[in-house]
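Please look over the model below before reading on.

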Amino acid sequence: MKYVLLIVLLVGAVTTIEAQSKKEKKRQKQEIQAQKQTPSSRDPGSSNNLFKGERKFTKSSNSLEAKAVQEYQQRMKQNARKYNKIERQKVKPQYSDPSYFGHKKKPKKRPVGKRKFCKECGIVH
């Protein structure tokens, strides 16, 4: 019985020592990172290195990085064109006027006795 109690106490002491040493290592890492002065939302640092724009590659113009950057820039330009086209179409009355109900042409307002059920929008008009 004494030996079991002694072993339990010894294992408990070792685990608490290990746990404390891990906490100290984490604290040291956090202090080192705080000392590096990385830019953050509170302290953005100097703005001269931000937003450099497009890079010109001279020696490594055939590298994978250069090709990837060029492909990315092309995709962004294509997306900008696509979104501009969508915005231009949204101005048309077909999309902006609620009386169209999703039709290409404005639906006719028939007299009450001659109204028909519309399969496209589900409204009788």
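1. Areas are from the Shrake-Rupley method with a 1.4 Å probe, and for residues only the protein chains shown count as cover.

2. This is a predicted model, in which local features need pLDDT of at least 70 and side-chain atom pairs count only at pLDDT 80 or more, while totals for chains, interfaces and linings use all residues. Residues are numbered from 1 along each chain as its sequence is written, and side-chain values use heavy atoms, with hydrogens and water left out.

3. The protein has three helices and zero strands, in the order α-α-α from the N terminus. Helices (H or I, at least four residues) and strands (E, at least two) are DSSP runs, numbered from the N terminus.

4. Of the 125 residues in the protein, 5% are buried. Buried means under 20% relative accessible area, exposed over 50%, and partly exposed in between (1.4 Å probe, protein chains only). Among contacts (heavy atoms within 4.5 Å) with a separation of 6 or more, 3% join residues 24 or more positions apart.

5. His125 sits in the segment after H3 and is buried, at 6% relative accessible area. Beyond its neighbours within four places in sequence, its contacts include Phe101, His103, Pro107 and Cys118. Pro111 is also found in the segment after helix H3 (93-96), but Pro111 is exposed at 53%.

6. The whole structure has one salt bridge, that is, a side-chain nitrogen of Lys or Arg within 4 Å of a carboxyl oxygen of Asp or Glu. Glu87 and Lys90 form the salt bridge, at 3.9 Å from N to O. Glu87 is partly exposed at 47%, and Lys90 is partly exposed at 48%.

7. Lys23, Lys25, Lys26, Arg27 and Lys29 form a positive surface patch. Patch residues have over 30% relative accessible area and no salt bridge, with like charges joined within 9 Å; Lys and Arg count as positive, and a charge is placed at NZ of Lys or CZ of Arg. Lys26 lies in helix H1 (residues 2-35) and is exposed, with a relative accessible area of 58%.

Terms used. Patch = residues over 30% accessible without salt bridge, like charges linked within 9 Å, V, L, I, M, F, W, Y side chains within 5 Å.
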